[in-house]
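Let's take a friendly walk through a protein structure. Have the sequence and the 3D view open as you read.

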Amino acid sequence: MRIIIAGAGDVGFHLAKLLAFEEHDIVLIDLDQEKLRYASNHLDVATIRGSATSYAVLMEAKIGRSDLLIAVTEAEEANIATAVIGKKLGAQKTVARISNPEFLFKKDILDLKKIGIDEIISPETLAAKEIKRLLTQTSLTDSFEFENGKLTLVGISIDEESELVGKTLTEAAYLNPEFNYTTVAILSDNETIIPHGDDKFKVHDHAYFIAEQDGVERVLKLSNKIALPVKNIMILGGSRVGIHTARRLSKVYSIKLIEKDKDKCFELADSLPDTLIINGDGRDVDLLMEEGINEMDAFLAVTGDSETNIISSLVAKNASVGKTIALVENIDYIHLSQNIGVDTLINKKLIAANFIFRYIRQGEVLHITSLHGVDAEILEFEVKSGSKITEHELRNLNLPKTAVIGGIIRNGLGYTPRGNFRFEESDRVVVLSKPECIHTIEGFFK
Amino acid sequence: MRFNYPVIASFFGYLLLLNGFFMLTCLPFSLYYDQGDHVPIGWAAIVTVSSGFLLVFFTRNPKSKELKKRDGYLIVTLGWLIMSFFGTLPYLLSGTIPNITDAFFETVSGYSTTGATILYDIESVHKGILFWRSLTQWIGGMGIIVLTIAILPLLGIGGMQLFVAEAPGISPNKLQPRIKETAKRLWLIYIGLTAIETLLLWAGEMDFYDSINHAFTTTATGGFSTKNDNIAYFSSPFTQYVIILFMFLGGTNFTIIYLALHGEFEKAIKNEEFRFYAGFCLAIGLTVATGILIISNSPVEKAIRNGLFQVVSITTTTGYVTADYTAWSSFITVIFFILMFIGGCAGSTSGGVKIVRHVVLMKNSILEFKRQIHPTAVLPVRLNKQAVDRDITFTVLAFIMIYISIFALGSIIVSMMGVEFETALGSVAAALGNVGPGIGSVGPGSNYAHLPDQVKWLLSGLMILGRLELFTVLILFTPYFWRRQ
């Protein structure tokens, strides 16, 4: 596929990285020469300096022969313009990044397809969704359900009390006699390991499992975690993400939202009647205490300032809040994530990039998701008759070492497979794979 | 880890495999002419291929395939050295060139497309070996690293670093978003040009063997010939004009040829570097022709042909000879000496400084006057109607400075080793610019055999330095390169 990406910022770069591994022809357009130089030094892509709304620039990028145009610059108006012009000039499909959610809600009325925008993405809305998902299981650092929980991906941090500490994968298997979960990834010192038999669990590692329905409980027990119900939530920052999250959550949870700007507080109070809006600075520990931070079950720091978010999350963690989530702009911070004490760091740009990645693979892959801080993607495939994966038993398939089959859903039931498992048509398979071998994995399902 | 050694080693392995394969392509000619050189060539190929195979075999599962910038520079410089050592095998094993100094000089002169030779009697060399000699130039012309990128599924991210380190020019253009595809297209154009030239020469007075040899060394802007008298042996105007055309094309930026092939003639013709290159060749060619007419009573057509041929030959750093340019007059000799510093276009197979650098520098110097009058004006150098990045201007300045310094230093050292003035300047300029024939006792009428051994080693180094455009090699000698970050 020939893909043009307008905007070489974090979203654009991350997308280009994901896509370049798969032998797509990628052209990056940006005004900033430095960003382009960085991209062309680190990725196998072509770069063009200029404005993506310019006719000449788009023609130079051979827009007429491109399959997809992705406009992900900072400016929403420019993205819309780029998509519209690009479509006119012959791009097969267009995706535009917007921040104003009205576009998303009024998609049908505005009829964006007609003016040339096939898909819009709003990182803020996606981030709010992500936060909601993360709140469902507070004792986990991450969780994701496949087919309504037939299989669940769970991430836990390994602490001193966990039974898993110091055990190799093979030894840990004895703790799991029913064999109802598989270990799919370990994040150790910022390095993502796809574990094999003699890799060990260490304190402060983050381990990710794919579990059958009753396996989730067992993982929690092993890791010495208790599931806490969430009732009270404190949100720091009346940013777009904050507003979206409050709106989504205020029906179920009781929410306090802290915002620095007084005028903005009035607006917020107006638009979020079910939420208690508090005017104050989130870095003020006294204020947080006064507003009862130690009675909160979850703390979401979503101001525009990453450092404020991280520090206030640490304050919250110190006040024994069960679950802390901080929004960070800087992708590099993600790797620090839980090592410093914040339960989950999320980055809206990464979320947006993954959304687009998923959009591109519609049809080939049922589902794709990525874990915060983990350099791997989780994909769900359906087995087609005659595909390579049905040819041998699992142990003889010769899958790449940097990918692992986590689980299978067959006839509505989830299984975690063993070496002698044989795949059949219409099985749904959950695979965790490093970006560089997604392409190989896809080959097995074709 | 500082360098990705397994991947570097396996890359060298692939280089040797390719090289060995190229050696095998000499065998049909050996067998056809039946002079007995198939045995040494066969052995050379076996040694090269098996060394390559071992390297590839023992490094087959690298932990990470990623190559950093440093890895790129190391691969290209060391790769060229390794290649040059293995390239001496056919000469050494066959006894054509029995000593290592001369064999290495001849091989490096081949790969770097210089075309300086130490052979007195080229015609007595067996045809298979002679084919290998021409082939080394052809391999070096577009660059074996670029070829490796094009055909091996080896590289993920590192391809671009390698490409930049080997391909000449100030900022290589990608013809296609992916580097592998770019490399493929460059080689396809190169192969296409060579094939067409072979056919044209064959249609003229050359036989097939001479045609393919000369096609190899023309498109590579190399300059090796199969004849003692070089191109002067082939006196037909048709053959000489064909060679002029293809030397010119070899010295043209391949991006421009690619554009022209894709129907974008206007864009190709409007390229400033190309215009300057074409105009320059024509103007100097005619000047030299006029010079010839004034001092001798040669026919007009022949004077123009000789003038154009020699000027294009030296400007593109090919180094073919139809007439001894040092024999005409001191005025013309000086012109040719200066031409050795010009070079062809960026992104071509030629060596030297390259036209685009001269253009940028000249424009910058002219702007300096304007800047004196309007001290606060923003006056960027424009190339093809686009402002050139200041960084690029500075890199060009640094390049020329280093180039001149190396020329000066090289000449001093060579003269210290007992070579007389004119020859010292000529040989260093010709080696560094990958031209081939110089002036003085290494001029078009003679060769490099009589130079002392140390000078030959030094010149071999300069040829590689010139072919890889200084920075790639020199950076290995800077402390920053080896310092841990």
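## Chain B as a whole

Please keep in mind that this is a predicted model. Chain B contains 23 helices and two strands. Its radius of gyration is 22 Å, close to the 23 Å that the globule rule gives for 485 residues, so chain B is as compact as a globular protein of that length. Along the principal axes, the C-alpha atoms of chain B fill a box of roughly 60 × 60 × 50 Å.

How much of chain B is buried? Of its 485 residues, 59% are. Look also at which residues touch: among contacts in chain B with a separation of 6 or more, 71% are between residues 24 or more positions apart.

## Salt bridges

Side chains of opposite charge can pair when their charged atoms come close. Counted over all chains, the structure holds 24 salt bridges. One of them joins Lys348(A) to Glu124(A), with the closest N and O atoms 3.5 Å apart. Lys348(A) sits in helix α16 (residues 348-360) of chain A and Glu124(A) in helix α8 (residues 123-135) of chain A, so this pair ties together parts that are 224 residues apart in sequence. Are these two partners buried or exposed? Both Lys348(A) and Glu124(A) are buried.

Now turn to chain B, where Lys267(B) forms a salt bridge with Glu264(B), the closest N and O atoms being 3.9 Å apart. Lys267(B) is partly exposed, with a relative accessible area of 49%, and Glu264(B) is partly exposed at 30%. Another salt bridge brings together the side chains of Glu272(B) and Lys363(B), at 2.2 Å from N to O. Glu272(B) belongs to helix α15 (residues 272-295) of chain B and Lys363(B) to helix α18 (residues 355-373) of chain B, so the pair links parts that are 91 residues apart in sequence. Glu272(B) counts as partly exposed at 23% relative accessibility, and Lys363(B) counts as partly exposed at 26%. Elsewhere, Glu34(A), Arg37(A), Asp389(B) and Asp391(B) form one network, joined by salt bridges that share partners.

## Inside chain A

Find helix α11 (residues 240-249) of chain A. Seven of its ten residues are buried, so the helix is largely enclosed by the rest of the structure. Those buried residues are Val241(A), Gly242(A), Ile243(A), His244(A), Thr245(A), Ala246(A) and Leu249(A).

Next, pick out Leu15(A), which lies in helix α1 (residues 10-20) of chain A. Leu15(A) has 0% relative accessibility and counts as buried. Which residues does Leu15(A) contact, leaving aside neighbours within four places in sequence? They are Ile5(A), Ile70(A), Ala353(A), Ile356(A) and Phe357(A). For Leu15(A) and Ile5(A), ten residues apart along the chain, the C-alpha atoms are separated by 8.4 Å.

## An arginine in a loop

Arg418(A) is in the loop between β21 (413-415) and β22 (428-433) of chain A. At 46% relative accessibility, Arg418(A) counts as partly exposed. Not counting residues up to four places away in sequence, Arg418(A) touches Glu178(A), Phe179(A) and Leu394(A).

How far apart are the C-alpha atoms of Arg418(A) and Pro273(A)? They are separated by 52 Å, and the two residues are 145 residues apart along the chain.

## Two positive phi angles

Most residues other than glycine have a negative phi. Asp34(B) is not a glycine, yet its phi is positive, at about 50°. Asp34(B) is in the loop between α2 (27-33) and α3 (38-58) of chain B, and is exposed, with a relative accessible area of 58%.

Asn434(B), also not a glycine, has a positive phi of about 55°. Its place is the loop between α20 (421-432) and α21 (453-467) of chain B. Is Asn434(B) buried or exposed? With 0% relative accessibility, Asn434(B) counts as buried.

Methods. Residues numbered from 1 in each chain as written. Chains lettered and ligands numbered in written order. Predicted model: local features only at pLDDT ≥ 70, side-chain atom pairs only at ≥ 80, totals over all residues. Heavy atoms only, no water. Helix = DSSP H or I, 4+ residues; strand = E, 2+ residues; numbered from the N terminus. Rg over C-alpha atoms; globule rule 2.2 N^0.38 Å. Buried < 20%, exposed > 50% of the residue type's maximum accessible area, 1.4 Å probe, protein only. Contact = heavy atoms within 4.5 Å. Salt bridge = Lys/Arg side-chain N within 4 Å of Asp/Glu carboxyl O.
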